[in-house]
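Colleague: I would like to know where the words used for this model come from. Please set each one against its definition.

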Amino acid sequence: MKIKSRHHLRSDEVDDLTEEIQTQLGVDLAGSTFELVELADSPFDLVLVDGDPTAMYYEFEDGERLPFLTVRGANKTNPNKNVVTVDAGAISFVSDGADVMRPGIVSADDSIDPDDLVVIVEETHGKALAVGRAQVSGEEMSGDSGKVVNSIHHVGDEFYEFAP
């Protein structure tokens, strides 16, 4: 992972980031320093909050760039929106970067729309395993077959292991 640049966010950028995270996930992203780490050849840019890789910007194929939590950030803040919960049988697959299939889903936030970024958590302890991109609405996620979330970041990937 090659770093293109690093700089502290201006206060208006921090306000925009924290407001968007609050709107999307229902969590307050608090910290005294916010540093943007721009990565070369990656759809991600990382946001270090007090030195921890807590948030990111994800760039979609159409050029839209949205802030979201990293897996580490989700485990710190426990989001209550845009969450997909998987059963114990899916944990090892999702943690290794597999896409989420309907049979593994226990519940999903009904407000999820196709293409939304979502946090994937396990049902027993509510720990975040991955961040993904919804392929269907939250109401359509449960069922017998089919892929419903594309994994974009998971526990143990190079983005998760990033050390400033």
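Modeller: What follows is a set of questions about terms, with answers.

Modeller: This is a predicted model, in which local features need pLDDT of at least 70 and side-chain atom pairs count only at pLDDT 80 or more, while totals for chains, interfaces and linings use all residues. Residues are numbered from 1 along each chain as its sequence is written, and side-chain values use heavy atoms, with hydrogens and water left out.

Colleague: Why is Thr-85 called buried?

Modeller: Buried means under 20% relative accessible area, exposed means over 50%, and partly exposed lies in between, with a 1.4 Å probe and protein chains only. Thr-85 has 14% relative accessibility, so Thr-85 counts as buried.

Colleague: Where is Thr-85, and which residues is Thr-85 in contact with, leaving aside neighbours within four places in sequence?

Modeller: Thr-85 is in strand S6, residues 83-86. Strands (E, at least two residues) and helices (H or I, at least four) are DSSP runs, numbered from the N terminus. Contact means heavy atoms within 4.5 Å. With neighbours within four places in sequence left aside, the contacts of Thr-85 include Gly-104, Ile-105, Val-121 and Glu-123.

Colleague: What makes Asp-115 partly exposed?

Modeller: The relative accessible area of Asp-115 is 40%, so Asp-115 is partly exposed. Asp-115 is in the loop between S8 and S9. Asp-115 also has a positive phi of about 80° although it is not a glycine. Most residues other than glycine have a negative phi. Asn-78, in the loop between H2 and S6, is not a glycine either and has a positive phi of about 50°.

Colleague: How do you know that Asn-82 is buried, and what does its side chain lie by?

Modeller: Asn-82 has a relative accessible area of 8%, so Asn-82 is buried. Asn-82 is in the loop between helix H2 (71-77) and S6. A polar atom of the Asn-82 side chain lies 3.0 Å from the backbone oxygen of Leu-117. A polar contact is a pair of N or O atoms within 3.5 Å; within protein, one must be able to donate a hydrogen and the other to accept it, and residues adjacent in sequence count only if both atoms are side-chain atoms.

Colleague: What makes S6 and S9 a pair?

Modeller: Two strands pair if DSSP finds at least two bridges between them. S6 and S9 have four bridges, in the parallel sense. Val-118 has Gly-132 as its bridge partner in S10.

Colleague: Why are S7 and S8 called edges?

Modeller: Six strands form an open sheet of mixed pairing, in the order S7-S11-S10-S9-S6-S8. Strand S7 (100-101) and strand S8 (105-108) each have a single partner strand, so one side of each is left without a neighbour in the sheet.

Colleague: What makes S9 mostly covered?

Modeller: In strand S9 (residues 117-122), six of its six residues are buried. Leu-117, Val-119 and Val-121 point one way and Val-118, Ile-120 and Glu-122 the other way, and all are buried.

Colleague: How do you know that the buried residues of H1 line one face of the helix?

Modeller: Helix H1 (residues 11-25) has among its buried residues Val-14, Leu-17, Ile-21 and Leu-25. Seen down the axis of H1, the buried residues fall within an arc of 135°, so they line one face. The arc is that of the directions from the helix axis to the C-beta atoms. An α-helix has 3.6 residues a turn, so residues three or four places apart point the same way. The face turned away from the buried side carries the exposed residues Ser-11, Asp-16 and Glu-19. What covers the buried residues includes strand S2 (34-39), strand S3 (44-49) and S9.

Colleague: Which strands form the sheet with antiparallel pairing, and in what order?

Modeller: Five strands form that open sheet, in the order S1-S2-S3-S4-S5. Strand S1 (3-8) and S5 are its edge strands, and each pairs on one side only. Within the sheet, S3 and S4 pair in the antiparallel sense over six bridges, and Phe-44 has Tyr-58 as its bridge partner in S4.
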